[in-house]
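Dear colleague,

Here is the structure I said I would pass on. My notes on the ligand site and on one of the helices follow below.

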Amino acid sequence: MAADVIAMNKNSTDAVVHYYGDADEASRLRTGWFQLEQARTQELILRHLPPAPATIIDAGGGAGAYACWLAARGYQVHLIDPVPKHVEQAREASSLQAEHPLASAQVGDARHLPHGDSTADAVLLLGPLYHLVEREDRLACLKEAHRVLLPGGLVWGAGISRFASLFDSLSGGFFDDPVFAPILARDLEEGQHRNSTGNPLYFTDAFFHRPGELSRDFLAAGFQVEAVVAIEGPGWLARDFDRLWNDPLQRERMLAAVRKVEREPSVLGASSHIMAIGRK
Ligand SMILES: C[S@@+](CC[C@H](N)C(=O)[O-])C[C@H]1O[C@@H](n2cnc3c(N)ncnc32)[C@H](O)[C@@H]1O
């Protein structure tokens, strides 16, 4: 591999490790609209996943939220993440479910999976595809997923919408922050999100996809595209989200509404995250 490619790869992982040093990924999915992200991600995984036992590689598995949930359902789950803190947290969470632990949890990079060819039934890429800012690196992840999957195996890839920071800044009350204006302008123009402000509210360097770009990358890596769907749809923009989510009836209404529009092309980009599901 050329020296400049190695340097670029190292840099992108360094930025990720630095960002998550301060962010609390282990508790994120239990707060605010991230609960909708989790419920919908689980729903979209279960909709396509073969029954247990099957082998799943969660590349970018963070602190193990989905990996441990799937292991508890009887799957053999291998977690990879470049952030040592996340791998430690995943191992700790795994140790709390002694009857259904993770098959493995190790520091690694979705661009270079340590697994053999054609050894997995499913791969989750719920993070790497937006943290890697170069298309070449995102394709490397998808090609690795393709390599380790058995024929017919499935990959779930999450992207952040090109328009997420526009909606987020409007609903979150920082649209008028002059420091955020150039960040938003570049997001909308190029999908290249750069945060040099030091404010963690503005996330870290990332790539924001148009829905069509996500499926184009899946096709380029050799996958058939089974579906491209909104994860949260417009639900993440709900005023007073917690009140709705904590009311069982309103929660079901919200989930039903999001499901109803999950494939609507004119609404896809309003979701914070988009999920593509591909088959080898
Ligand atoms: C927002 S977290 C999501 C964690 C979990 N998958 C989820 O969906 O809740 C994004 C994760 O992607 C990981 N990540 C970033 N770049 C990666 C790469 N090149 N290979 C593997 N994981 C990566 C980060 O370390 C982080 O744990």
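Helix H6 gives the largest share of the shell around the ligand, 3 residues. The model is predicted, so please read what follows as a description of that model. The elements that give two or more residues to this shell are H6 (128-131), helix H1 (3-22) and helix H2 (25-28).

In total, 21 residues surround the ligand, and the closest are Gly60, Asp81, His86, Ala110 and Leu126. By type, the shell divides into 11 nonpolar, 6 polar and 4 charged residues.

At Leu126 a polar backbone atom is 2.8 Å from a nitrogen atom of the ligand. The ligand taken alone exposes 590 Å², of which the protein buries 97%.

The other item is helix H9, residues 181-190. Its buried residues are Ile183, Leu184 and Asp187. Seen down the axis of H9, these fall within an arc of 95°, so they line one face of the helix. Pro182 and Glu189, on the other side of H9, are exposed.

What do the buried residues of H9 pack against? Their partners are helix H8 (164-172), strand S6 (192-193) and strand S7 (206-209). Just after H9 comes Gly191, with a positive phi of about 75°.

Regards

Technical notes: Residues numbered from 1 in each chain as written. Predicted model: local features only at pLDDT ≥ 70, side-chain atom pairs only at ≥ 80, totals over all residues. Heavy atoms only, no water. Near = heavy atom within 4 Å. Polar contact = N/O pair within 3.5 Å; in protein donor to acceptor, adjacent residues only side chain to side chain. Areas by Shrake-Rupley, 256 points an atom, 1.4 Å probe, with all protein chains shown as cover. Helix = DSSP H or I, 4+ residues; strand = E, 2+ residues; numbered from the N terminus. Nonpolar A, V, L, I, M, F, W, Y, C, P; charged D, E, K, R; others polar. Buried < 20%, exposed > 50% of the residue type's maximum accessible area, 1.4 Å probe, protein only. Arc of directions from axis to C-beta. Contact = heavy atoms within 4.5 Å.
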